[in-house]
Amino acid sequence: MIKKTDDLNKNKIISRRLFVLVAAKIGLLGIVTSRLYNLQISEKQKYEILSDKNRIREWKTPPQRGLITDYFNNVIADNQRVYQVHLSLEEVSNFNNAIFKLKNIISLKDDEIKKIYEKKEKSNPWDTLIISENLSWNEFSKLNLYLHELDGAKPVLSTSRYYPYSNDLVHVVGYVGDATTQDIQNKKKIEENFVPGLKVGKIGIENSKDTDLIGNHGTKRYEVNASGKKISEISYNKETQGENLRTTIDLEIQQLAQELLKNQAGSICVMDIYTGEVITMASSPTFDPNKFTHGISTKDWNEIKNDKLRPLLNKSLAGLYSPGSTIKPLVALAALEYGIVDTKFKVNCKGHDHPYELYGERYHCWKKNGHGWMSMRNAIKQSCDIYFYEVARLLGVDKLSLIAKRYGLGSKVLEDFFSEEKKGIVPSTKWKKQVLEQSWYLGETVITGIGQGYIQTTPLQLCLMTAQLANGGYKIKPNLIYDKEINLDAIKSKIESEKNKSVSQNILKDHEFKYYERLYRNQNNLKFVLDAMYGSTNEQFGTSFRSRHKEDKYKFAGKTGTSQVKRITDQDRELDLDLEEIEYKSRDHALFIAFAPYDKPRYSLSVLIEHGGSGSKAAAPLANKLIKKILDRHELREKIRKDLKNIA
Amino acid sequence: MILSTSLNSTSYSFLDKLRAIDYFLIIIVALIGSISVFSIYSTESGNFSFYTKNHLTRFLVFFSMFLVLSFVRVSFWYRQAYIFYILGILLLLLVIFFGISASGSKRWISLFIMNLQPSELMKIAIIVCFARYYHRIQSSDIQSYKYLLQPIILLLIPCYLVITQPDLGTAILIAGSGLAIIWLAGLKLRYFIYSGLILLVSLPFVISILKPYQKSRILTFFNPDRDPLGAGYQIIQSKIAIGSGGLLGKGFLQGTQSYLEFLPEKHTDFIFTLFSEEFGFVGSMLLILLYTLLIYRIIRIGFSSRSFFAKLYCYGFASALFLYIFVNIAMVVGLLPIVGAPLPIMSYGGSSMLSIMLGLSIVMSCKIYSRDPIGN
């Protein structure tokens with residue numbers, strides 16, 4: 001009986017205990033169920049995204065750069081088909097082995113192999129490595145022959161930048177190269193579209209217009225497994241080519257300019273005096289931008305870098321030179337505008353025996369025997385230094401500086417388009433105090449009057465100055481990329497209305513001018529200066545008389561200049577050496593500015609030959625050939641302008 | 001009188017036996033088995049190859065074994081209970097000397113046709129042993145120190161042997177199953193509370209003797225992002241797979257997480273993850289429902305059994321089964337640390353399948369021979 005009651009009791013206990021266990025189980029089951037509900041229903045989207053992130057991997061495909069053309073639609077920066085070999089790292093079982101095999105098929109140099117290993121260090125295991133960017137056809141076909149032995153190697157047909165006119169436009173167009181970490185940090189567009197092997201602009205238009213030229217990368221989405229192996233392509237968002245750019249450059253004139261500058265260091269700039277279009281911007285010597293596309297060799301780079309004539313320097317806008325006598329028309333204009341002297345003002349130039357004297361300092365004219373009594377027109381035409389010493393002294397450096405800045409000196413012509421462009425120096429008493437912390441001497445005014453001393457200009461600034469004188473004294477907007485907003489007819493009618501506007505009282509004070517606003521007080525002053533430049537080229541005793549065109553339609557007006565590299569001593573003057581006898585580095589720079597055609601001016605130009613000697617001998621003759629070409633191509637250019645206007 | 005005749009009737013006709021079989025339970029087991037075969041098939045991206053073939057063979061063999069062993073008298077299991085336990089311990093000792101090592105732990109002994117994991121058998125042996133132990137003890141004696149100490153020692157020996165393999169998961173499951181029966185037998189609640197407190201206090205010391213990989217698993221459980229590519233990888237990927245399954249799942253053979261090999265151990269511990277990714281919340285609930293029905297049927301058999309041995313065994317086995325299922329699912333959904341516990345029947349693994357089928361056959365034997373009084 002005891003056993004029986006105990007059994008009953010035991011049974012009861014077990015059942016009760018079971019009940020508690022089952023209750024606990026139901027509770028735990030509830031927890032698991034709610035967890036599953038939470039994961040699969042409430043947070044489904046979150047985990048779906050995570051799952052897609054897991055299984056889908058994106059590969060960016062490189063965009064094609066936009067083309068760059070000249071004004072006449074000649075392609076000056078092209079995309080060329082290239083043969084490449086890529087290595088898909090996820091498919092390579094033994095990297096060292098793969099490189100060794102490739103080395104035997106395509107010629108890889110030791111330093112190239114070193115670079116490949118460096119690149120590999122930085123890549124992800126699923127990346128594709130570019131082994132060679134530019135294979136010859138021979139190498140490429142050989143590669144295809146041995147492809148079955150090369151795990152992961154892929155022959156790829158790609159495009160790369162090609163400059164068909166190689167050396168002729170490097171300073172304008174620039175070149176491309178691999179994007180550096182800095183490039184990626186500095187430009188958002190590069191960062192967004194970065195793909196291994198992406199080329200970005202390093203200098204020139206390629207650099208400043210990179211954002212437009214790059215285009216947008218494509219995206220290929222693949223399903224991948226946990227080790228990153230591609231399983232299938234899911235989608236392909238095609239890459240888009242960058243914008244095509246039309247420049248204002250005339251390829252033929254540019255080529256002629258480079259030809260004229262051959263074997264010399266120098267610059268030629270040509271500009272439309274109304275539209276401000278830069279038609280030519282040549283700098284010499286040049287180099288081949290194509291060498292940079294796939295990484296330049298150390299030997300080639302050293303050759304360019306160590307060239308004494310400094311090919312890397314874009315002399316048109318980053319080379320600084322004293323303007324020399326090319327400043328004289330501007331000095332004359334300033335003196336007339338301020339009414340310091342009139343055109344009849346005369347000075348006697350008596351030769352080296354009786355130089356101009358100021359506080360015991362002596363200032364010589366370039367002409368040994370002197371010019372005799374000079375009026376203003378003659379002084380410009382024959383470039384008499386004594387005359388301009390005196391005019392500058394009377395005028396004062398501050399007024400001269402104000403007018404010089406107004407016509408384009410002392411500031412960047414293309415604003416921030418080229419990072420290397422220089423502002424130059426237009427000195428004034430205030431400038432000297434601020435920069436050199438010294439007071440101004442009158443003697444410095446005197447030499448500023450003939451474009452020597454502190455004053456520093458770029459050839460492009462001189463070209464702009466000439467343009468703004470030749471167009472009758474109106475501010476223009478220089479540009480290098482075709483801009484449909486700039487309309488010749490509109491500019492001309494704006495200028496016409498400015499001409500008849502009454503002169504503001506402030507016209508001779510320092511003040512900010514808008515584009516196409518008149519810069520002068522009295523139109524006659526400008527006319528006088530332009531006429532004097534005509535005399536300089538087209539009349540006997542004019543400094544560029546020998547470079548003139550006799551045919552009416554090519555007639556141009558200009559002004560020579562000689563930029564002293566060092567101070568001329570009395571000893572030099574006595575020796576009076578020929579150019580060939582002076583050491584290259586000590587020879588003067590030759591300058592020439594001009595506009596054409598004279599009767600209806602349309603183009604301005606500047607020529608600079610580094611250490612070329614005198615402007616009339618070295619620089620002016622080049623202008624003769626250039627102007628013929630420019631004017632011959634005028635009709636064609638106007639036709640294009642009309643076509644472009646119609647499209648717009 | 002009717003009672004006494006039935007008490008003494010220890011002979012069963014074959015027809016009686018067939019009639020006594022719980023067919024519903026067999027159907028549930030067969031269903032879960034089929035689901036498991038398809039799931040393993042899916043882990044091989046729909047190829048009928050190594051794992052699927054093996055799993056199917058094992059299921060068929062052990063399922064047949066379950067059906068055959070169901071006809072072994074329950075009194076046999078009662079009599080051999082301690083032998084079974086001792087055999088289990090011996091096998092565990094054998095592992096120490098002749099065991100096969102894999103990924104840092106020594107758990108298996110080679111039986112030529114398959115590698116046996118004795119700790120899996122121990123999971124059943126402990127239940128059988130404890131069911132017998134408590135079968136005869138009177139309820140009034142259970143609280144005495146003698147009867148308290150003996151089962152604790154019986155439990156600690158296999159747990160220690162399994163922990164040192166090292167296999168924390170199985171040790172916890174063995175301990176859990178044993179404790180379930182001690183609880184059912186009626187040991188006072190306060191002893192459980194005391195031992196729980198002692199465990200809590202000693203936890204820091206326990207952690208200090210854990211193997212580094214075990215420690216990191218527990219740490220990453222609390223913060224899986226600590227090491228997303230290392231120890232936390234499994235939890236994160238498993239949660240992604242389950243979560244992205246959504247309500248109805250990605251479809252059979254469409255689970256990208258497992259197909260693309262993001263899921264580790266997908267045919268063993270993480271088989272539920274794969275199933276849940278492909279069949280979603282609805283599928284998971286159905287599978288859990290099948291397991292619940294299985295447990296319910298086992299409890300029902302225990303309920304209608306006359307002997308304490310059968311009752312304790314069935315309830316104990318049902319609790320253990322629940323524990324295995326809960327630990328596994330809670331683990332893959334990120335509720336518990338990854339300790340290594342297979343999902344009964346579903347997971348790939350011969351020893352686990354063998355022990356579950358063995359356990360089920362004892363349950364069925366309890367059903368068929370429910371009128372056996374056992375003992376005195």
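# Helix pairs, a sheet and a chain contact

Trainee: Is the crossing in which H3(B) passes H4(B) left-handed or right-handed?
Mentor: Bear in mind that this is a predicted model, where local features need pLDDT of at least 70, side-chain atom pairs count only at pLDDT 80 or more, and totals for chains, interfaces and linings use all residues. Residues are numbered from 1 along each chain as its sequence is written, while chains are lettered from A and ligands numbered from 1 in the order in which they are written. Helices (H or I, at least four residues) and strands (E, at least two) are DSSP runs, numbered from the N terminus, and a crossing is left-handed if the near helix is turned anticlockwise from the far one by less than a right angle, right-handed if clockwise. For H3(B) passing H4(B), the crossing is right-handed.

Trainee: How are H3(B) and H4(B) directed relative to each other?
Mentor: The axes of H3(B), residues 23-43, and H4(B), residues 50-69, come within 8 Å and cross at roughly 165°. Axes are lines fitted to C-alpha atoms (for helices over the stretch in contact), with angles from 0 to 180 degrees between N-to-C directions. Angles under 35 degrees count as roughly parallel, over 145 as roughly antiparallel, 65 to 115 as roughly perpendicular and the rest as oblique. H3(B) and H4(B) are therefore roughly antiparallel.

Trainee: How many charged residues does the contact of H3(B) with H4(B) have?
Mentor: Contact requires C-beta atoms, placed from the backbone, within 7 Å; among the residues that meet are B:Gly33 and B:Val37 in H3(B), and B:Leu56 and B:Phe59 in H4(B). For classes, Ala, Val, Leu, Ile, Met, Phe, Trp, Tyr, Cys and Pro count as nonpolar, Asp, Glu, Lys and Arg as charged, and the others, Gly among them, as polar. The tally is eight nonpolar and five polar. The number of charged residues is none.

Trainee: What about H11(B) and H13(B): is their crossing left-handed or right-handed?
Mentor: H11(B), residues 233-245, packs on H13(B), residues 271-304, at about 25° with the axes 6 Å apart. That angle makes H11(B) roughly parallel to H13(B). The crossing is left-handed.

Trainee: How many charged residues does the contact of H11(B) with H13(B) hold?
Mentor: On H11(B) the contact includes B:Ser238 and B:Ala241, and on H13(B) it includes B:Glu277 and B:Glu278. The residues split into two nonpolar and six polar, and those that are charged number two.

Trainee: Which element gives the most to the side of chain B that touches chain A?
Mentor: In that interface, 32 residues of chain B are in contact with 31 of chain A. Elements of chain B giving two or more residues are H8 (168-185), H11, H12 (256-259), H13 and H14 (308-332). By class, this side has 17 nonpolar, 12 polar and three charged residues. With eight residues, the top contributor is H14(B).

Trainee: Is B:Pro344 buried or exposed?
Mentor: B:Pro344 sits in the loop between H14 and H15 (350-368) of chain B. Leaving out residues up to four places away in sequence, B:Pro344 touches B:Leu321, B:Tyr324, B:Ile325 and B:Ile356. A residue is buried if 20 or more other C-beta atoms, placed from the backbone, lie within 10 Å of its own, exposed if 12 or fewer, and partly exposed in between. B:Pro344 has 24 such atoms within 10 Å, so it is buried.

Trainee: Over in chain A, which strands stand at the edges of the open sheet of five strands?
Mentor: The order is E12-E11-E19-E18-E17 in chain A, with antiparallel pairing, and two strands pair if DSSP finds at least two bridges between them. An edge strand has a single partner, so one side of it is left without a neighbour in the sheet. Those strands are E12 (278-284) and E17 (557-563) of chain A.

Trainee: Which residue in E12(A) does A:Met271 stand opposite?
Mentor: E11(A), residues 266-272, pairs with E12(A) in the antiparallel sense over six bridges. Opposite A:Met271 stands A:Val278.

Trainee: How many of the residues of H11(A) are buried?
Mentor: H11(A) packs against several elements through its buried residues, including E3 (75-88) and H26 (620-632) of chain A. Among those buried are A:Leu251, A:Ile253 and A:Leu260. H11(A) is mostly covered, and of its 10 residues the buried ones number seven.

Notes
Two residues are in contact if their C-beta atoms, placed from the backbone, lie within 7 Å.
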